[in-house]
Amino acid sequence: MQHKPTILTGGEERSDDQIIAAHNAKHPNNSSSGKSVSGTDESPLVVMELLQRLRVKDAMRSHNIISVVRTDSMRFAQNLMKRNNISGVPVLEDKRIFGIVSVNDIIKALEGGWIQDQVQKRMATNLVVLEEDMPLAFAIKHFQNYSFGRFPVLDKDRNFVGIVSQRDLTRVLMNELTKELVRLEGKAVKETESSARGDTALPYYSMRQFVVVHNDLQNAGKAANEIKRMMKDAGLDNKLVRRVAVAAYELEINVCIHSLGGSITFILDTDKATVIAKDRGPGIKDVEWACIDGTSTANDWIRSMGFGAGMGLANSKRVSDKFDIQSKIPTGTTVMCEFYLKGKKSE
Amino acid sequence: MKIADIIKTLNGTLVAGGQSNRSVGAVVANDLMSDVLLNDSEDILLLTSLASDQAIRTANIVGAMCVVVHNDKPLPQTMCQVADSLGIPLVSSPLSKYDSCVRVWQFLEAEKNSL
């Protein structure tokens with residue numbers, strides 16, 4: 001009897017592919033499996049980016065797969081699983097998968113008295129599989145949606161190429177996150193010298209976020225200094241580096257002394273650098289007034305520390321190519337400064 | 001005017017940040033750091049009374065070549081550590097900021113006339 005497994009891949013969902021396509025169009029220098037790191041406007045978070053960039057084939061095991069053939073007995077499968085301490089085996093012949101025998105199937109066979117039957121009579125054939133080119137995010141969804149501990153992986157010709165478990169996903173994600181952490185500590189990954197820098201675009205993308213604590217003037221300015229170091233390491237023009245650093249510093253001090261705390265996010269993209277200051281409140285009553293030189297609500301203590309002259313926002317605006325501020329009482333203020341790597345205000 | 005000249009002219013002491021071979025490109029005397037950030041000059045000599053980490057961090061942002069703190073103000077240990085880590089020479093002077101300005105101006109004028 002020939003069993004033809006029903007293969008449910010979930011491939012009809014296009015959203016991940018669309019995200020990857022948009023990402024690749026935005027960062028043509030970065031291949032999907034390359035070492036350069038890039039992000040999308042939709043989800044600049046490192047983990048999200050990793051889940052989209054990594055593929056199932058980056059996590060799957062393709063060697064030493066323990067399997068049975070259709071004519072093996074359930075008892076043979078049981079012994080094989082016991083000996084290798086595994087909870088399931090695929091039924092494989094010539095790169096083709098016919099089914100899976102799990103611990104549950106073995107228990108049922110023992111209870112039902114058909115442990116001597118050939119596996120082709122008792123194996124699970126309604127398989128849920130993954131394709132090797134699917135993003136890792138897709139695999140994670142599968143593990144959330146189904147109770148299986150592993151999924152067989154097929155190539156585009158429907159040949160069996162490996163198997164992926166939750167443990168495999170964790171392993172590859174931990175490895176990649178470790179690499180990302182090293183890079184985000186200020187070491188922006190540069191392309192190899194052979195892929196020389198283009199006239200208008202830098203070959204990397206970098207993002208870093210810094211926490212700013214209310215009234216912690218002891219540490220205020222660390223983020224801006226680190227941003228300056230990152231830009232210098234990236235080999236950017238000194239005047240541009242100074243403008244970005246000035247804006248980052250002013251905004252960082254503002255968040256520190258005027259808000260309940262927040263963050264400074266720095267994004268270095270191929271064509272621009274962006275500094276975003278976001279705080280948790282209390283918000284600015286009159287944003288236009290706050291942006292005027294010399295207007296300040298700072299107290300004497302802040303002034304004694306060298307700040308509070310009321311030039312923070314005006315200074316940030318002065319050095320930026322694009323400046324935007326949104327504020328709402330009591331939820332907080334978000335200020336965004338953009339700097340074009342080629343062009344305006346580079347004087 | 002180099003670090004050694006600054007120390008000599010202002011009766012100062014190099015407290016942290018180490019020596020450097022850079023020359024003074026511009027002089028900024030200010031205690032308000034936002035004012036300092038407004039300045040676009042290179043190789044700034046920052047004369048200030050602000051004895052805090054922020055004076056050094058601000059100096060680093062604008063690429064200052066030296067920071068001088070006046071009136072023999074006690075310098076916090078963290079300020080010296082920041083200066084060391086960022087490699088910015090930090091000089092302590094017994095002079096007032098006004099006196100420093102005068103002496104630095106005189107030195108630079110003499111330097112200009114000798115060329």
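Questions and answers on a two-chain predicted model follow.

User: What conventions apply to the model and its numbering?
Analyst: The model is predicted: local features need pLDDT of at least 70, side-chain atom pairs count only at pLDDT 80 or more, and totals for chains, interfaces and linings use all residues. Chains are lettered from A and ligands numbered from 1 in the order in which they are written, and residues are numbered from 1 along each chain as its sequence is written.

User: In what order do the elements of chain B run from the N terminus on?
Analyst: Helices (H or I, at least four residues) and strands (E, at least two) are DSSP runs, numbered from the N terminus. Chain B has 5 helices and 5 strands. From the N terminus on, the order is α-β-β-α-β-α-β-α-β-α.

User: What percentage of the residues in chain A is buried?
Analyst: A residue is buried if 20 or more other C-beta atoms lie within 10 Å of its own, exposed if 12 or fewer, and partly exposed in between, with C-beta atoms placed from the backbone. In chain B, 41% of the 115 residues count as buried. For the 347 residues in chain A, the value is 35%.

User: Among contacts in chain A between residues at least 6 apart in sequence, what percentage joins residues at least 24 apart?
Analyst: Two residues are in contact if their C-beta atoms, placed from the backbone, lie within 7 Å. In chain B, residues 24 or more positions apart account for 55% of the contacts with a separation of 6 or more. In chain A, the share joining residues at least 24 apart is 63%.

User: Which element gives the most to the side of chain B that touches chain A?
Analyst: The contact takes 18 residues from chain B and 19 residues from chain A. On the chain B side, the elements giving two or more residues are α2 (33–38) and α3. The most, 6 residues, comes from α3(B).

User: Are α3(B) and α4(B) roughly parallel or roughly antiparallel?
Analyst: Axes are lines fitted to C-alpha atoms, for helices over the stretch in contact, and angles run from 0 to 180 degrees between N-to-C directions. Helix α3 (residues 53–61) of chain B and helix α4 (residues 77–86) of chain B pack at about 20 degrees, with axes 8 Å apart. Angles under 35 degrees count as roughly parallel, over 145 as roughly antiparallel, 65 to 115 as roughly perpendicular and the rest as oblique. Therefore α3(B) and α4(B) are roughly parallel.

User: Which residues of α13(A) make the contact with α10(A)?
Analyst: Helix α10 (residues 238–258) of chain A and helix α13 (residues 312–319) of chain A pack at about 155 degrees, with axes 9 Å apart. That makes them roughly antiparallel. From α10(A) come A:R243, A:V246, A:A247, A:E250, A:L251, A:I253 and A:N254. From α13(A) come A:G312, A:L313, A:N315, A:S316 and A:V319.

User: Within what arc do the buried residues of α7(A) fall?
Analyst: In helix α7 (residues 136–145) of chain A, the buried residues are A:L136, A:F138, A:A139 and A:H142. They line one face of the helix, because their arc, taken over the directions from the helix axis to the C-beta atoms, is 155 degrees.

User: Which residues are exposed on the other side of α7(A)?
Analyst: The buried residues of α7(A) include A:F138. On the other side, the exposed residues are A:Q144 and A:N145.
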